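Work through the exercises below with the sequence and coordinates open. Each task is followed by its solution in steps.

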Amino acid sequence: MVGWTFYISFSDWQGTAPNYNFAGLKWYQLMFKLDRFWVDIRNNIIWLLFGVGPTAIVAIFLAYILELKSTQRFETYIRNLILYPAAMSFLVTGTIWSWMYQPDKGVINTILKWISLDFLTSNFVTDPVTANYWLTLIFFWQYLGFSVIILQSSLRTTYLKEMVEAAAVDGASKMRILFNIVIPNIKGGILILISLLLISALKVFDIVYIVTFGGPGYSTDVLALFMFIATFQQHLVAVGAGLGVIIFIMALIIVIPYTIYAFRRWFG
């Protein structure tokens, strides 16, 4: 399938009828000249930075807090609470947040006005300057529970528990234990989590499609949505395949650090 996509990206397929004639870099040159393509690259980078970074950081702290003995009795309740969004489809999530982000009658602005905090109301995803950041908040909401579960599985090793208990007996603070003992010993789990989140953020489509459809203008457009529009609406199949190749290369670059780490652990 990957090879076929590469081949189609160099063909002259435009329209509904297949055309496998070799066109060289024709469609790549066209793609690179489009402002929309570079806006999409910038938006995908925003998703990678502001979608993945906060999710991973908050998940580390939350997983660590849930592992502390003093919060064990709340673990079941909190875990169900944060896992609930992960059980929902992106279509449902996007629809719910579209209602919440409505500038006039949305839940968030209505509550803010009700408690006399009108100055905090926002246009949310209808503002082209901030729309991408509000969209990444949806990603954070949906993936936080999933991230916590992955990190908790790394935290629950006998070896790490013994190290944490020994440090606590020696009087180390909880934050020092977190940064000096826990994080260095779960870096494999963190790397796996970040790789999964980066790939999920890179191929994001559903949330953008449902909430903004790339708008206002194409300020929130991403590569996956552009690929869908180019292939199925504009019938520029070669361009759509080219965009798929770009996404594949970016995903490959993201996975390389984890692959190197895994090989070092297996064969080092």
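The model is predicted, so local features need pLDDT of at least 70 and side-chain atom pairs count only at pLDDT 80 or more, while totals for chains, interfaces and linings use all residues. Residues are numbered from 1 along each chain as its sequence is written, and side-chain values use heavy atoms, with hydrogens and water left out.

**Exercise 1. Describe the secondary structure and overall extent of the chain.**

Step 1. Helices (H or I, at least four residues) and strands (E, at least two) are taken as DSSP runs, numbered from the N terminus. The chain has 13 helices and zero strands.

Step 2. The C-alpha trace spans about 70 × 60 × 25 Å along its principal axes.

Step 3. Buried means under 20% relative accessible area, exposed over 50%, and partly exposed in between (1.4 Å probe, protein chains only). Of the 268 residues, 43% are buried.

Step 4. Accessible areas come from the Shrake-Rupley method with a 1.4 Å probe; for residues, only the protein chains shown count as cover. The chain's accessible surface is about 14,900 Å², and carbon and sulfur atoms hold 68% of that area.

Step 5. Contact means heavy atoms within 4.5 Å. Among contacts between residues at least 6 apart in sequence, 66% join residues at least 24 apart.

**Exercise 2. Classify the ring pairs Phe32–Trp38 and Phe90–Tyr143.**

Step 1. A pair of aromatic rings is described by the distance of the centres and the angle of the planes. Rings of Phe, Tyr and Trp (its six-membered ring) pair if their centres lie within 6.5 Å; planes under 30 degrees apart count as stacked, over 60 as edge-to-face and the rest as tilted. The rule gives 26 aromatic pairs.

Step 2. Phe32 and Trp38 are 6.3 Å apart centre to centre with 35° between the planes, a tilted pair. Phe32 is partly exposed because its relative accessibility is 38%, and Trp38 is partly exposed at 47%.

Step 3. Phe90 and Tyr143 are also tilted, at 6.1 Å and 35°. Phe90 lies in helix H5 (residues 90–100) and Tyr143 in helix H7 (residues 131–155), so the pair links distant parts of the chain, 53 residues apart.

Step 4. Phe90 is partly exposed at 24%, whereas Tyr143 is buried at 13%.

Step 5. Ring pairs also link Phe10, Phe22, Tyr28, Phe32, Phe37 and Trp38 into a cluster.

**Exercise 3. Which residues of the largest nonpolar core touch the most other members?**

Step 1. A nonpolar core is a set of buried Ala, Val, Leu, Ile, Met, Phe, Trp, Tyr and Cys residues joined through side-chain atoms within 4.5 Å.

Step 2. The largest core has 64 residues, and those touching the most other members are Phe37, Trp47, Leu135, Val148, Leu151, Leu223 and Leu243. Helix H3 (residues 35–67) gives the most to this core, twelve residues.

Step 3. Leaving out residues up to four places away in sequence, Val148 touches Ala59, Leu62, Ala63, Leu66 and Ile82.

**Exercise 4. Is Ala172 buried or partly exposed, and what does Ala172 contact?**

Step 1. Ala172 sits in the loop between helix H8 (158–169) and helix H9 (174–185).

Step 2. Its relative accessibility is 24%, so Ala172 counts as partly exposed.

Step 3. Apart from neighbours within four places in sequence, Ala172 is in contact with Ala167 and Ile177.
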